[in-house]
Amino acid sequence: MSEKHTINLDLERILLGALIAHPKWTHSASTWLEPHHLWCEAHRVIFGALVGLAERGKDASMASLIEVLRCEEREDGRTLISVAGGWDAVTRLHNEARSRAIGITIEQIEIHAQRLRELATQRDIEAMLTELRHEASQPCANVSALLERAQSRILTIQPSQTTTPHISTSLQGVYAMHEAALDGRSPPLFTTGFADLDRILGGGWRPVLNVIGGRPSMGKTALVGNMRRRAAHKGEGSLFCTLEQSTRTITTRDLAAEARVPTRAITHPLSYRDDVQLAQADRIARALGPLSSLPIYTQDTPGNVYTITAAMRSAMVKDPRVHTLYIDHLELIARCAETRKLDKRLHLEHITAHLATFARTTGCAVVLLSQLNRGVEQRANKRPTLSDLRESGATEQDARTVSFIYRDEYYNPDTECPGETEVIVAKNNEGETGTVTLHSNLEFMRFDSMADERTHNLYGGVHDA
């Protein structure tokens, strides 16, 4: 490690001297700096003691400082004053630091604290690269996991302010967000494509883990396909990781929905009469241009949670419009080296915990599809509940929103509500819960809001009025 570039002991002494002379400045310094950011251990101990005194509202005199260092112990049983080098060493450092800090201002203290934080960040980066270089030089059974660990470690290094602001600082941020919303400037939310669903969710998908559950053949994949196309028409890009179907199948569904033709009109066009075939061919041809310009990406390579999140990071770099990751579906995500010997429950817990962290650290929304257990089939009312999630404990815990898709005509062919699909928001940490009814036409792999269906004011596709 290049110490002359990443260590500045003089600056650490100046900072400590100013804080001893002006204890009220400690709060400003601690906004940027924590004890472990200082290089010298004695400096870390003294700065920690000064912060502790300031937080308790006590006088930071030499006597108070010595008393704290003398009385408090570390986990290994050593007193802080012995860690700092003894009473004489602390006294010398105290006297030297005060003399170095003569004439300094609080503005300079904040600048010095920020600079010391930057040096600590630089040391963290260098240590991380050294560790990764060593790890990469060893035999590795899971390169994808190694890549994901490397990417996530980089994101854990924060060169900016610490994450423990006073409430006044937090309130400023909240009010700024409120004013931005009043001015029509969008908060970091990503549309589901359906206004009524966005309204219940509190504005749309948030950069957290969102789960959509449903029984097989209920229409989960088709629904999120419509969501991502609707969002893409508004400029919001996404990556769809399909672990069950091929990219060609997903793209066929996209084209069918956009052109409003059955999927077999694309895969088996000769099975139709000539006049129908020609009309459908014209619709398909006209849908190609608008669809091909949308910021949507699809990946069908089977993989574990690390390869999926690595693909999302790559997509976000390739196209800055990509902010939403759809995964179809949870139960098909492959095991990685860490979960190879775990039971299914712990394996799924590892996945949902990782995806929740990934969403939070990258600022993207993760929408994870999940199959429901068979318990729903045994009830008279077959609308899903949270307990119907497979291994529901971890999934329900890690997801900030959980929604279910339910089509009554799937169970009741003679239903009074043909073509209606309920999206049931059963858990929502950021808003309300409730049900949104959509019109479904699965022959076209298409969902539309009921208002759009009534007015024929449908999104995107070439046949919308």
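## Exercises on a predicted model

Cysteine 241 is buried, its relative accessible area being 1%, where buried means under 20% relative accessible area, exposed over 50% and partly exposed in between, computed with a 1.4 Å probe on protein chains only. This is a predicted model, in which local features need pLDDT of at least 70 and side-chain atom pairs count only at pLDDT 80 or more, while totals for chains, interfaces and linings use all residues. Residues are numbered from 1 along each chain as its sequence is written, and side-chain values use heavy atoms, with hydrogens and water left out.

**Exercise 1.** Classify cysteine 417 by its accessibility, and state how many disulfides the rule gives.

*Solution.* Cysteine 417 has a relative accessibility of 33%, so it counts as partly exposed. A disulfide requires a pair of cysteine sulfur atoms within 2.5 Å, and by this rule the count comes to zero.

**Exercise 2.** Describe the surroundings of strand β4 and name the strands with which it pairs.

*Solution.* Strand β4 covers residues 322–328, and six of its seven residues are buried, so the strand is largely enclosed by the rest of the structure. Two strands pair if DSSP finds at least two bridges between them. Strand β2 (residues 237–242) pairs with β4 in the parallel sense over six bridges, and glycine 237 has valine 322 of β4 as its bridge partner. Strand β5 (residues 365–371) also runs parallel to β4, joined to it by four bridges, with tyrosine 326 standing opposite valine 367 in β5.

**Exercise 3.** Which residues have the most contacts inside the largest nonpolar core?

*Solution.* A nonpolar core is a set of buried Ala, Val, Leu, Ile, Met, Phe, Trp, Tyr and Cys residues joined through side-chain atoms within 4.5 Å. The largest such core has 62 residues, and those with the most contacts inside it are Trp205, Met227, Leu325, Ile327, Ile333 and Val366. Helix α16 (residues 305–318) contributes the largest share of this core, seven residues. A second, separate core of 30 residues includes Ile46, Leu50, Leu93 and Leu119.

**Exercise 4.** Work out how the rings of Tyr406, Tyr410 and Tyr411 are linked into a cluster.

*Solution.* Rings of Phe, Tyr and Trp (its six-membered ring) pair if their centres lie within 6.5 Å, and planes under 30 degrees apart count as stacked, over 60 as edge-to-face and the rest as tilted. Tyrosine 406 and tyrosine 411 form a stacked pair, with 6.1 Å from centre to centre and 20 degrees between the planes. The rings of tyrosine 410 and tyrosine 411 have centres 4.9 Å apart and planes at 85 degrees, so this pair is edge-to-face. Tyrosine 406 counts as buried at 3% relative accessibility, and tyrosine 411 is buried at 18%, whereas tyrosine 410, at 35%, is partly exposed.

Conventions:
Helices (H or I, at least four residues) and strands (E, at least two) are DSSP runs, numbered from the N terminus.
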